[in-house]
Amino acid sequence: MIDETSIVSSMRTMIQGWGRGRIFFLTDFACLEAPVSVRKFISEMAEEGFVARLARGIYCYPRLVDNGYTARMALPEAEEIAYALAEKENIRILPYGDEAAYRLGLTSMRIGNLRYRTDGSHRVINLSKGRKIYFNHTSEMKMFAYRNETMRLLATAIRDLGEEYVCTDEKTRIIRRHLRQVPEQDYMRDIVLPPAWVREIIERIWNG
């Protein structure tokens, strides 16, 4: 017979031990060897507000933010969920150009659903707040070979959004500012990775 009290106590101890802000998965409780009970108890914990459900099988032990009157739960951003899932499944993910442009400050518009290229399988994650995260498989392994994250984001934004989008005076200034923060050795290694037309744009701004 399953000792429900013991399982709940073990789950709460594990969650508290991970610390607030931790994204976790139902599979993290595999050591308890009671999958049906785990699903039931984690749902009850979500209903009482001890944890928060982010998507099917994905939860977090939320941080608490004190506004001076009451403490409210601060849930992780969709990007944090995507990278936590990628780490869990031991896959690599890369944002598409629209998200890359937002991170670089080339646009102030935040997209609704997030899309990532991955060396894993295709998958769609339906978040609790209605947003979706798309993992789309790619066979272009060179996209994962960048040493420098800024170079990766720049190459992705230019490739996906096109020369006309990124080559206005304002966006060129933003790109140049980012490139100035890239170590020369990283630049020299990564500049050979983008398609030729993307490489020409980056080289022109780097040398400008």
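A: A pocket is an open set of points on a 1 Å grid over the protein atoms alone where a 1.4 Å probe fits, with protein on both sides within 12 Å along at least five of seven lines, and its lining residues have an atom within 4 Å of a point. This is a predicted model, in which local features need pLDDT of at least 70 and side-chain atom pairs count only at pLDDT 80 or more, while totals for chains, interfaces and linings use all residues. Residues are numbered from 1 along each chain as its sequence is written, and side-chain values use heavy atoms, with hydrogens and water left out.

The largest pocket holds about 220 Å³ of space, a volume being the space filled by probe spheres set on the points, which are joined across faces, edges and corners. Its lining is made up of Arg53, Leu54, Leu75, Pro76, Glu77, Ala78, Ile81, Leu127, Ser128, Lys129 and Arg131. Two or more of these lining residues come from each of strand 2 (52–55) and helix 3 (78–89), where helices (H or I, at least four residues) and strands (E, at least two) are DSSP runs numbered from the N terminus. By type, the lining has six nonpolar residues, one polar and four charged (Ala, Val, Leu, Ile, Met, Phe, Trp, Tyr, Cys and Pro count as nonpolar, Asp, Glu, Lys and Arg as charged, and the others, Gly among them, as polar).

Leu127, Ser128, Lys129 and Arg131 of that lining lead on to the hairpin of strand 8 and strand 9, which has five residues between its strands, and in whose turn Gly130 has a positive phi of about 100°. Strand 8 (residues 123–126) pairs with strand 9 in the antiparallel sense over four bridges (two strands pair if DSSP finds at least two bridges between them), and Arg123 faces Phe135 of strand 9 across this pairing.

Strand 9 (residues 132–137) also pairs with strand 7 (residues 114–118), this time in the parallel sense and over five bridges, with Leu114 standing opposite Ile133. Strand 7 is in turn joined to strand 6 by three bridges, and these two run antiparallel; here Ile93 has Thr118 in strand 7 as its bridge partner. Put together, the four strands make an open sheet of mixed pairing in the order 6-7-9-8, whose edge strands, strand 6 (93–95) and strand 8, each pair on one side only.
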